[in-house]
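Subject: Handover of a structure for your review

Dear colleague,

Please find the structure below, followed by an account of what was found in it. I would be grateful if you could read the notes alongside the coordinates.

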Amino acid sequence: MIPTIAAGRCGRPWLTSLALAFAILVSTNPAVGQTRAGCDAPGTHAFHCSVLIPTPEAHGATGVMRLFLAPTPFGVPVSEDGRIVHIIRLELDNLKRRPGRHYVAWVATPELDQRRRLGSIGDDLQVSGVTDWNRFLVVVTAEPVGEAESWSGPILFSASSPSGWLTTMAGEEIFGNNELPVQSQYCLVNKC
Amino acid sequence: MPMLPGLMGLEPAVTPWLPGSGRDPSTLPEATFRRVERLSDGDTLQLRAMLVRRTINGRTLVMYGYNGQYPGPLIWVDQGATILVDFRNELELPSTIHWHGVRLDNAFDGVPGVTQEAVQPGDRFLYRVHFRDAGIYWYHPHVRSDIQQDLGLYGNMLVRDARPDAYNPVNREEVLALDDLLIDERGLFPYGAERAVQTLMGRFGNILLVNGQPEYRLEVAKGEVVRFFLTNVSNTRTFNLSFGGAAIKLVGADVGRFEREEWVKSVVIGPAQRYIVEVMFEYPGHYALRNAIQAIDHMRGRFSSHVDTLGAIAVEGQSVPAGSDHSAAFGRLRENPGVAEEIDRYRPHFDRPVDHELVLSMRGGELPATIVQVMTLDTLYKPPAEFNDAMPMMNYLSTGANVTWILRDAATGRENTDIVWRFKVGELAKIRLFNDPKALHPMHHPIHIHGQRFLVLARDGVANENLVWKDTAIVPVGSRVDILLELSNPGDWLAHCHISEHIEAGMKLVIHVDPAATTN
């Protein structure tokens, strides 16, 4: 389902808009080598930010995942079938370049049955891409070639979309208890 | 409606209310499809808000209608015209008419307690409506709109641009009002008599309507290009509309045309918003008018694809005559230099500091503890927008008494109608709308400002590259939307969330615009 950046007959306005958005997003980033701000930094304007979870392969590197809403004339960017279209931006720090290792970012379904390349981590230690999956994981791997089209190397970082927090509550205790505490009894017309 | 264990059998703290006070529907006139009222400058339209009988999906219902029509009459006027509307309230409730998006004189804006007193049952009010801007607009009550608008009190105004080439050549034009209605096996689902219910998320219907009908039908010839004027008149539903795979060209929005036309796959339209699109039907067959969303079920923690078919466009095998073939014009995306040039005057103000910031939030302090617990859990994930009633059980039990939706002035901490913003005609104000994701139940809000127009400059720091004048803008959860408001019209003007139940739960403020200083 991704990317859904082609629209209508030619799709170019979407591409242009996304390119502009990328350019603006990138231009707000610190220079290479500068310590990046974390999720608490003011002025980043992402509607969601979370810390990338490192593995030992990251060797002390850190990073964040910022989510932005894709450009749209409608206020809320959704695909034709109603999925929210996100721009994902990964910002890494202190990631050391090593010979034969190319860092590539991927987006995958939580079941890992679908994986798509988000892009290579550039010299500025960041990468951006688009997805319209409802739930997704973002993974950074070390690949033998930078143009890798499939994910084969060790994982350095991962993060989950905020929709990953959407969990079933059907089995929660508070829903199985018919004897609600007094303060929970709803004072209702004709029933108080 | 499913209910949580322990909350079974509970009802919202209101007296259930249905229109007609128990009247036999057969004693009411059957509503008829809307008529077009072509009015000239100085004309007067008689408009009655009245009880009608509707039959929808086999159920006979007591509903409301303007002049006994569904939707209300389509008012067709030229830009620059002024008409009089002699409004008679034949409902059992007080009412008014708000002329949504029209920059008219403040006295006729139709807001009870701000611009006029509510028109009591049996009383009349004479509105003078001046159409300064071309485009598609709509009218609706501003008294208990959660009830009156939902029951059918809405109609469109199509204001023709004076320039014949303002729009592309098309084979026909269609004005569509998108709506929904909540009914069960007994008929209309009751409203709250004392106050609005379903104030958490608004009243989502379970039957989707186009121009008041559950199955929209249109027959066109092969190759026809149709210009659709779309208005979302629903209480709370945001639609994601597509035309069975037909190419869609986005042309205009609330108050006119975009700087540049663009192709879109679907049209996302929030309550009260309007979009103008052109659609070409190239091949014979049926094109389904669809609303496709990803429904969220907070209880079960899942997304599900959900598609409603609102109707169909049947395309005949016979092509449009050669002289009426507009496919070439349709294939081109037009720039509108006139629109861009007019906006050029405002561009020097785009980067100015924010003058005012409004924080969009809510308080649910009066909600029962169990519901607060549930909401705390199920809003760990805060979607930028919700296209379905993701929490029907809690929504059902929420009212205007236990939920307060908030517009908070970030500078003063004042909320809703306690906010005092005063401007002068001719001023511009850069306003940031921040939808606080830390609210108990954040939700996207379509924010409407009466009597003025604005540009959406940026969202989350990313500039909007294709501008159009607006009167209603969606603010997604967690987002910052910067608008440039042009104060062009003196008076006291309401600004509010256009989810009907949210305005009934407090989400509104009044903007004071003083006349420009005069020089002797």
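Chain A has a secondary structure of 2 helices and 9 strands. Read from the N terminus, its elements follow the order α-β-β-β-β-β-β-β-β-β-α. Please note that the model is a predicted one.

Chain A

Of the 192 residues in chain A, 49% count as buried. When contacts between residues at least 6 apart in sequence are considered, 63% of those in chain A join residues at least 24 apart. The chain exposes about 9000 Å², and carbon and sulfur atoms supply 55% of that area.

A:Ala58 sits in the loop that links strand S2 (53–54) to S3 of chain A. Its relative accessible area is 4%, so A:Ala58 is buried, the limit for that class being under 20%. Once neighbours within four places in sequence are set aside, A:Ala58 is in contact with A:Leu156 and A:Phe157. A separate pair, A:Ala58 and A:Glu143, is 85 residues apart along the chain, and the C-alpha atoms of the two are separated by 13 Å.

A:Ser79 belongs to the loop between strand S3 (62–69) and strand S4 (86–93) of chain A. Is this residue, A:Ser79, buried or exposed? With a relative accessibility of 5%, A:Ser79 counts as buried. A:Ser79 and A:Trp133 are 54 residues apart in sequence, while their C-alpha to C-alpha distance is 9.8 Å.

A:Leu125 is placed in the loop between strand S6 (115–120) and strand S7 (126–131) of chain A. Its phi is near 60°, a positive value in a residue other than glycine. A:Leu125 has a relative accessible area of 13% and is therefore buried.

Chain B

Chain B comes to 6 helices and 38 strands. Its C-alpha trace spans about 65 × 60 × 50 Å along the principal axes. How does the radius of gyration of chain B stand against what a compact globule would have, and why? A compact globule of 520 residues would have a radius of gyration near 24 Å; the value for chain B is 22 Å, which agrees.

Buried residues make up 64% of the 520 residues in chain B. Contacts in chain B with a separation of 6 or more are, in 79% of cases, between residues 24 or more positions apart.

Two backbone features of chain B may be of interest when you inspect the geometry.

The peptide bond from B:Tyr70 to B:Pro71 is cis, and its omega is near -20°. B:Pro71 is located in the loop between strand S6 (69–70) and strand S7 (74–78) of chain B.

B:Asn57 has a phi near 50°, which is a positive value in a residue other than glycine. This residue, B:Asn57, is found in the loop between strand S4 (44–56) and strand S5 (59–66) of chain B. At a relative accessible area of 47%, B:Asn57 is partly exposed, whereas A:Leu125, with its own positive phi, is buried at 13%.

Cavities

How many cavities of 30 Å³ or more does the structure hold? There are 8 of them.

The largest cavity holds about 110 Å³ of space. Its lining consists of 14 residues, and those nearest its centre are A:Ile84, A:Asn134, B:Gln294, B:Ile296 and B:Phe303. By class, the lining of the largest cavity divides into 8 nonpolar, 4 polar and 2 charged residues.

In the second largest cavity there is about 60 Å³ of space. Among the residues that line it are B:Arg54, B:Met63, B:Asp150, B:Asp179 and B:Leu209. Both partners of the cis peptide bond, B:Tyr70 and B:Pro71, also belong to the lining of this second largest cavity. The lining residues there divide into 7 nonpolar, 2 polar and 3 charged.

With kind regards

Note on methods:
Residues are numbered from 1 along each chain as its sequence is written. Chains are lettered from A and ligands numbered from 1 in the order in which they are written. This is a predicted model: local features need pLDDT of at least 70, side-chain atom pairs count only at pLDDT 80 or more; totals for chains, interfaces and linings use all residues. Side-chain values use heavy atoms; hydrogens and water are left out. Helices (H or I, at least four residues) and strands (E, at least two) are DSSP runs, numbered from the N terminus. Buried means under 20% relative accessible area, exposed over 50%, partly exposed in between (1.4 Å probe, protein chains only). On a 1 Å grid over the protein atoms alone, a cavity is a set of points where a 1.4 Å probe fits but cannot get out, and a pocket is an open set with protein on both sides within 12 Å along at least five of seven lines; lining residues have an atom within 4 Å of a point. Grid points are joined across faces, edges and corners, and a volume is the space filled by probe spheres set on the points. Ala, Val, Leu, Ile, Met, Phe, Trp, Tyr, Cys and Pro count as nonpolar, Asp, Glu, Lys and Arg as charged, and the others, Gly among them, as polar. The radius of gyration is taken over C-alpha atoms; the globule rule is 2.2 Å times the number of residues to the power 0.38. Contact means heavy atoms within 4.5 Å. Accessible areas come from the Shrake-Rupley method with a 1.4 Å probe; for residues, only the protein chains shown count as cover.
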